[in-house]
Structures are given as C-alpha cells and as structure tokens.
Amino acid sequence: MRTYRPGQIKPSEITNQDIWLKRRQLIKAGMAAGAGLLLGGASGLAAAVYAGPGKNQKIALLKESDYGAGMEPTRYKSITTYNNFYELGYGKRAPAENADALKTRPWSVKVSGECARPGVMDIEDIMKLDQEERIYRFRCVEAWSMVVPWVGIPLGSFLKRFEPGSKAKYVEFETLYDPERMPGQRREVIDWPYREGLRIDEAMHPLALLATGLYGEVLPGQNGAPLRLVVPWKYGFKSIKSIVSIRFTEEQPINTWNAIAGDEYGFFANVNPKVPHPRWSQRRHRVLGRGIFGSKEDTLLFNGYAEDVASLYSGMDLRKNF
Ligand SMILES: Nc1nc2c(c(=O)[nH]1)N[C@H]1C(S)=C(S)[C@@H](COP(=O)(O)O)O[C@H]1N2
Ligand SMILES: [Mo]
C-alpha cells in the first residue's frame, strides 16, 4: 500500500532522474540572470565572484572548483521557486512562499556517534569554515534537472574534524524538527524529522558537499538553509535540507523515502537510467529553464559522474542496491 498523502506533487516529481550536464564550454563573464563571473589566474582554479541575483546576504571571496566549471547555471529564479521541501509545504512553489517561517538563527549542528570528538557546532562557526574552504559545485535534480552554483564545504573535510572511528560505517543526517519554524510538520505526512544516510566512503567522497549558499549568497530557506547536503550523483531526495544532526553509525541508517516506500526508493538512490522506478522510466528528464516546459534529455549513469564515483560501487549489483 502506498502512503502518499500530499495531493499536489505527483510521485514522479518526488524523485526522478537527475542529470549532470557535462558541457565544458567556459562560462563567459555576464551569465544569464545577470550573474557576473570573473575568471582569473592561469591555474584553472579561478577566483570567481558571483554577484548574486537574490536579496540574501552575499558571501565574498569565492573560489570556483574545477567540478562543473563551464556549465551555465539555471536561472536563480527557477532554482529558488521550484523546490521539494515538505517542511515548508506540499507543492513546488510552496517552499518559496513559506520560507519566511524558517528562522535560521540560532542554529547549531550536533555531531555524534562513532567518533572521537563529538560536539555541537554553531552555524556561525560553520560559515567561517566555509570561508576557508570555499568552492563551487553544480548539481541537478530528478525528473527535472538544474545546474546550481553551490557554495559550501566538502562534507568529508567537515566530518574529519570529529574523528570518526573504525565503527563509523555510515553517516546519518536529520533535519530540524520544529513545527513553529517548519509549518509543514504540523501535518503528519511523514515521520518527522526528515532523515537521510550515506555510507562513510560516499560521505568522504570529494563530490559530496555541505552547502551553505548558492549563487554567491546564503541559502534561501526553500533550498535548505542554513545547511544542506548535496550529493550530485544521487537522486534529489538524498540531499537533505536544514540539517541539525549528523551521526556516525555502525548500522545503515533509516532514510525517509526508503521508510515510506522501500520498494520504490532505495538506500543508495544512485542516478541510474537503466533502473526504472516501479511506476515510471528513469531514462530521460526535463531540463528546467529551457523553454516553458523545458526540453528533455537523456539521464546519465551516476548523473554523469561515473568517472568520479563508479569505483565506490564496484562489485555491487546496482539493480538490487538501488
Ligand atoms: N528536510 C528535507 N530535505 C529534503 C526534502 C524534504 O522534503 N525535506 N526533499 C528532498 C527532495 S525530494 C528533493 S528533490 C530535494 C530538492 O532540492 P531543491 O529544492 O534544492 O532543488 O530536496 C530533498 N531534501
Ligand atoms: Mo525529490
């Protein structure tokens, strides 16, 4: 029996095919939506500044990572008005409309479990870390895809500060539970809080990112402020938003969509065009921002990151471990 209650979102839009658009043309200064990108230095690791098109606080001194350099970002407006975030409402536009409810201060993240130095870190201190290790990443989501110029820190370098031990086989993440700040939690649509998990080697992979901003500004509420996960080779639901707890575990953690419909949503949720969702194909997806409805494109294995991440799954049956 399915337990989808929210009426507005089609199941096919909860999780669907991502794609990594592996286009390598250089971004010229003055991109779509008025964002400026200054490329400097011959190193290939360019100093870049996005003049954020939103109204949020700017994040200065950005350094662009090599990943995704040259991909043209989706318009800021599309990235921030077409969201899934049940805590802020049940419809693609609802999270943007309800984002004001999500107060992001005070905010802290508790890191616990199988590690030598568990602790609580205030978001202001996490933002300062971010200033030491500033990178850009791009990512896309599901039935629709987007290219997002994220600002954040590699998840692995954050986790290492807490010295995970040999029993740390997985990492579990939890979203804030607070019906005041998360009005969607007033309805028991899912077993709050939203939860996600990664295997430790996935979490340590340099492509896994803890994002604090996008388009050079602090994250808007609807995109998971003040801190969210970005796992570019996985379906969108793995990228948990508004994180307050990170726990190293020996056992595979529960993840929300797997708990709701385990036959449809696996623990790994790697983007894989050859493994259809039980109720729809995952071979193609819609590219947001191309025409009114977006044009369709083929979805790639691991969202186009096979070169980077396939080795994490060597010897695994990806149909069984979907
Ligand atoms: N806490 C929380 N995180 C969440 C969700 C959610 O409902 N609650 N939705 C997930 C789903 S299904 C998707 S597709 C992505 C969407 O991310 P975006 O809105 O930034 O594109 O967030 C994921 N993270
Ligand atoms: Mo999703």
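Q: What makes strand 4 and strand 12 (residues 284-287) a pair?
A: Two bridges join these parallel strands in the predicted model, and strands pair if DSSP finds at least two bridges between them; therefore strand 4 and strand 12 count as paired. Strands here are DSSP runs (E, at least two residues), numbered from the N terminus.

Q: Why are strand 4 (144-145) and strand 13 (295-298) called edge strands?
A: The open, mixed sheet has the order 4-12-13. Strand 4 and strand 13 each pair on one side only.

Q: How do you know that Asn83 makes a polar contact with ligand 1?
A: A polar contact is a pair of N or O atoms within 3.5 Å. A polar side-chain atom of Asn83 lies 2.8 Å from a ligand 1 oxygen, so the pair meets the cut-off.

Q: Which atoms of Tyr86 and Thr175 approach ligand 1?
A: For Tyr86, a backbone N or O atom is 2.9 Å from a ligand oxygen; for Thr175, a side-chain N or O atom is 2.9 Å from a ligand nitrogen. The protein covers 98% of the 530 Å² of accessible area that ligand 1 has on its own (Shrake-Rupley method, 1.4 Å probe).

Q: What makes a residue one of the 19 that surround ligand 1?
A: One of its heavy atoms lies within 4 Å of the ligand; Glu87, Ser239 and Lys241 are among the closest.

Residues are numbered from 1 along each chain, and chains are lettered from A and ligands numbered from 1 as written. Local features need pLDDT of at least 70 and side-chain atom pairs 80 or more, whereas totals for chains, interfaces and linings use all residues; side-chain values use heavy atoms, without hydrogens or water.

Notes. A polar contact is a pair of N or O atoms within 3.5 Å; within protein, one must be able to donate a hydrogen and the other to accept it, and residues adjacent in sequence count only if both atoms are side-chain atoms. Helices (H or I, at least four residues) and strands (E, at least two) are DSSP runs, numbered from the N terminus.
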